[in-house]
Amino acid sequence: MKTLVKKVAATNTSLSQLALRIPVGIIFVAHGAQKLFGSFGGYGLEGTGQWMASIGLEPGYLMALLAGSAEFFGGLALILGLLVRPAAAVLAFTMVIAIVTVHIGNGLFMSNDGYEFGLALLAASVALAISGAGRGSLDAMLSKE
């Protein structure tokens, strides 16, 4: 089990991942909090679930719970630098679903509710899934032990 944790937590000592994972983690936590708790002007699980059901993501409440949890807890994992590779992979999958089901038909630009922002978050998540957490992370501490 210890070897598995070391493999998942493996990372290098670069600061570049820290510069990426903190702001991206904050963005994901905020968006997840909107979906889960209604924070920051969000609709909470009920409202988000109803909206998700209206666009064909059924059951809406469960989809809202899954998306909100992925974003909120995945974002926390990025901020802490804990199990960043699996968290980033889940976040990347979440962004693919958001892009394909919500934004792709609106074109690229955010001004038209396009996939621009989701694509940027997808790219950041994929980069972190590949590279790991970097310096200043719990993963770096775990992989040394």
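Colleague: How many helices and strands does the protein chain have?

Modeller: Helices here are DSSP runs of H or I with at least four residues, and strands are E runs of at least two, numbered from the N terminus. By that count, the protein chain has 7 helices and 0 strands.

Colleague: Good to know! What sort of model is this?

Modeller: This is a predicted model, where local features need pLDDT of at least 70, side-chain atom pairs count only at pLDDT 80 or more, and totals for chains, interfaces and linings use all residues. Residues are numbered from 1 along each chain as its sequence is written, and side-chain values use heavy atoms, leaving out hydrogens and water.

Colleague: What share of the 145 residues of the protein chain counts as buried?

Modeller: Buried means under 20% relative accessible area, exposed over 50%, and partly exposed in between, with a 1.4 Å probe and protein chains only. Of the 145 residues, the buried share is 35%.

Colleague: Let's visit T94. Is T94 buried or exposed?

Modeller: T94 is found in helix α5, residues 84-103. Its relative accessible area is 12%, so T94 is buried.

Colleague: Which backbone oxygen does the side chain of T94 reach?

Modeller: A polar contact is a pair of N or O atoms within 3.5 Å; within protein, one must be able to donate a hydrogen and the other to accept it, and residues adjacent in sequence count only if both atoms are side-chain atoms. At 2.9 Å, the side chain of T94 reaches the backbone oxygen of V90.

Colleague: And which residues does T94 touch, not counting those up to four places away in sequence?

Modeller: Contact means heavy atoms within 4.5 Å. Leaving out residues up to four places away in sequence, T94 touches A70 and E71.
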